[in-house]
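Here is a brief report on one protein chain. It moves from the whole chain to single residues.

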Amino acid sequence: MSSNRPIKSICVYCGSGFGDDPVFAENAALLGRLMAEREINLVYGGGNVGLMGTVAQSVLDHGGYVTGIIPDFLKSREKLLDDVQETIVVPDMHTRKRLMFEKADAFVALPGGIGTLEELVEQMTWSQLGRHTKPILMLSTKGFWKPLLTLIAHMREQGFIRPGLELNYLVAERVEEVIPMVEDAARRIGIVSNEEAIESQF
């Protein structure tokens, strides 16, 4: 992978709703534009609803490439965007998550619900267990992820996140910080992944 472009694709986790503040959608749209301008492909959950649809449509609107991965049972609930260059329909959520992992060089979590949280924490777990070194970043719009960061600190203080098993993640407050931060992390640490080890988790 070129040292000038360590990140060629980002998997974005985010809500299938918009949240209560317009800034969430504004930031999703801005991230999509910035990714397209940097020629970074989007890997996402495949739907056209909420922040998911917003970030994908923005990437498309600005000439970027989008890969949507959606399980068959969600096709009717989260309708597909027509202009997405690559849509992969899979039989179940496990296959979706595995493919999203394989196709991404980094992971960015925007605000979202329990599904977003689950996907984010799973990547943090795999990283903690040494399965990959792909950057993981939380975009903490309006302090959205602060309660999770407080919980992680509490786990550490109570001895459940021990030395040698630290979590590797980044936190950005502004959308403009996202791409520079994940690119810098990829240059410093490198991107290593063990798809066979991930596969064995399912």
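## Charge and overall build

The chain carries 20 positive and 27 negative side chains, and the centres of these two sets are 3 Å apart. The model is predicted.

The accessible surface is about 9700 Å². Carbon and sulfur atoms contribute 51% of that surface. Of the 202 residues, 48% count as buried.

Seven helices and seven strands make up the secondary structure of the chain. Their order along the sequence is β-α-β-α-β-β-α-β-α-β-α-β-α-α. The radius of gyration is 16 Å, close to the 17 Å given by the globule rule for 202 residues, so the chain is as compact as a globular protein of that length. Along the principal axes, the C-alpha atoms fill a box of roughly 45 × 35 × 35 Å.

How much of the contact set links residues 24 or more positions apart? Among contacts in the chain with a separation of 6 or more, such pairs account for 72%.

Helix α4 covers residues 114-128, and E122 is found in it. Is E122 buried or exposed? The relative accessibility of E122 is 17%, and the cut-off for buried is under 20%, so E122 counts as buried. The side chain of E122 also makes a polar contact of 3.2 Å with the side chain of K97.

I114 lies in helix α4 as well. I114 has a relative accessibility of 68%, so this residue counts as exposed. I114 also takes part in a pairing across the sequence: G15 is 99 residues away along the chain, yet the C-alpha atoms of I114 and G15 are 8.7 Å apart in space.

Which non-glycine residues have a positive phi? E39 is one of them, with a phi of about 60 degrees. K142 is another, with a phi of about 55 degrees.

E39 sits in the loop that runs between α1 (22-37) and β2 (41-44). K142 sits in the loop between β6 (136-139) and α5 (146-157). Exposed means over 50% relative accessible area. E39 reaches 56%, so it counts as exposed. K142 has 61% and is exposed too.

| Residue | Relative accessibility | Class |
|---|---|---|
| E122 | 17% | buried |
| I114 | 68% | exposed |
| E39 | 56% | exposed |
| K142 | 61% | exposed |

Methods: Residues are numbered from 1 along each chain as its sequence is written. This is a predicted model: local features need pLDDT of at least 70, side-chain atom pairs count only at pLDDT 80 or more; totals for chains, interfaces and linings use all residues. Side-chain values use heavy atoms; hydrogens and water are left out. Helices (H or I, at least four residues) and strands (E, at least two) are DSSP runs, numbered from the N terminus. The radius of gyration is taken over C-alpha atoms; the globule rule is 2.2 Å times the number of residues to the power 0.38. Buried means under 20% relative accessible area, exposed over 50%, partly exposed in between (1.4 Å probe, protein chains only). Contact means heavy atoms within 4.5 Å. Accessible areas come from the Shrake-Rupley method with a 1.4 Å probe; for residues, only the protein chains shown count as cover. Lys and Arg count as positive and Asp and Glu as negative; His and the chain ends are not counted. The place of a charge is taken as NZ of Lys, CZ of Arg, CG of Asp or CD of Glu. A polar contact is a pair of N or O atoms within 3.5 Å; within protein, one must be able to donate a hydrogen and the other to accept it, and residues adjacent in sequence count only if both atoms are side-chain atoms.
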